[in-house]
Protein chains: 2
Amino acid sequence: MSRSVKSPQLDAFDRKILAILQRDNSTPQRTIGDAVGLSAPAVQRRIKRMAEEGVIQANVAVLDPAALGQSITIFVEVEVISETAKQIEEAKSQFAAAPEIQQCYYVTGEADFVLVIVVPAMADYEALTRRLFFGNNNVKRFRTFVAMDRVKVGLSVPVER
Amino acid sequence: MSRSVKSPQLDAFDRKILAILQRDNSTPQRTIGDAVGLSAPAVQRRIKRMAEEGVIQANVAVLDPAALGQSITIFVEVEVISETAKQIEEAKSQFAAAPEIQQCYYVTGEADFVLVIVVPAMADYEALTRRLFFGNNNVKRFRTFVAMDRVKVGLSVPVER
DNA sequence: GCTCCAACGAAACAAACTTGCAAAAGTACC
DNA sequence: GGTACTTTTGCAAGTTTGTTTCGTTGGAGC
């Protein structure tokens, strides 16, 4: 079977490995090997390949926001006035640069951007709105949703075909 | 200085370590030690402690959804009819159980739930809406936003005080 | 049937993590 | 200010894990 660099086809082994890694990437390769039916070196080579191909984008620790004093999660829909390419790019980079903004999506529909924001207190969110929304005359309006419960949080994607 | 289990005070060392780990948790402890000014064992003990305290909730690999054939990210606001504790809990567990639902927040404001969904194609989303929304008579209405660009995606939280 | 290529596993090797222990640093209490 | 106690540290040894080497196997194409 061919698996060239330019066509990152993932076989059943790869997908099983990914399923384990996206749940716990500190799992020893030996353990992964036993689980999927490969030797540790085979697992290691596949992980390395997938990291190079970009299938595995990062290996990160997930922290508890509350433990770091960032106990408020807020959800914002932003609608802009002018949607020229230049202004959209400007907004994107502005949102991407803010450390409080955990996630930012450019979307279709009634809004143009959707943001997930994490801050220590409402006062910090208020300050952020002044800086980001009221201070930007291309923002038409925005709607705020405060999270009472982070029911499910993660970046896991289904790996089965 | 006391740092009992019940009061997880994080000092400057801890925060620096966390900042590194939430960017790349495959960084060797020796390297982290050099960066923060501690020996490798000291770093290891702090990491272990923070994992036990729950400050570090998980260690995961971040995968590229597109590489797994999950190329569409969708954002949904859900409004329910009845907001009794029982029905809210029911909705939470139903959303949490769906593998396509990557994130789910229970929020205040014009909507009750906000969902981040990842699917291979629009047809899959349509099927999901039928199952989850139209098939649930407590869902009053829902609004869909399709992501054109995942500008910023992650779970990073600011670690500075 | 032969060659070439890709991926594999076993074993050797290297690197990283983990633990025991004694010393240093910080606190509380005289 | 001094002493006892507690906590955390660094070093070094020991263990686990990750990585490379190398010979083998199974297919695809000729």
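Visitor: Which residues does A:Val76 touch, not counting those up to four places away in sequence?
Guide: In this predicted model, A:Val76 is found in strand 2 of chain A, residues 72-80. Leaving out residues up to four places away in sequence, its contacts are A:Phe113, A:Val114, A:Leu115, A:Ile117, A:Tyr125, A:Phe133, A:Phe142 and A:Arg143.

Visitor: How far apart are the C-alpha atoms of A:Val76 and A:Phe142?
Guide: A:Phe142 is among the residues that A:Val76 touches. The two lie 66 residues apart along the chain, and their C-alpha atoms are separated by 6.6 Å.

Visitor: Does A:Val76 count as buried or exposed?
Guide: Buried means under 20% relative accessible area. The relative accessibility of A:Val76 is 0%, so this residue counts as buried.

Visitor: Which element supplies the largest share of the surface near DNA strand D?
Guide: Helix 3 (40-53) of chain A and helix 3 (40-53) of chain B each supply at least two residues of that surface. The largest share is 4 residues, and it comes from helix 3 of chain B.

Visitor: How many residues of the surface near DNA strand D are charged?
Guide: There are 13 residues around DNA strand D, and B:Arg45 and B:Arg46 are among those that come nearest. By class, the surface has 6 nonpolar and 3 polar residues, and the number of charged ones is 4.

Technical notes: Residues numbered from 1 in each chain as written. Chains lettered and ligands numbered in written order. Predicted model: local features only at pLDDT ≥ 70, side-chain atom pairs only at ≥ 80, totals over all residues. Heavy atoms only, no water. Buried < 20%, exposed > 50% of the residue type's maximum accessible area, 1.4 Å probe, protein only. Contact = heavy atoms within 4.5 Å. Near = heavy atom within 4 Å. Nonpolar A, V, L, I, M, F, W, Y, C, P; charged D, E, K, R; others polar.
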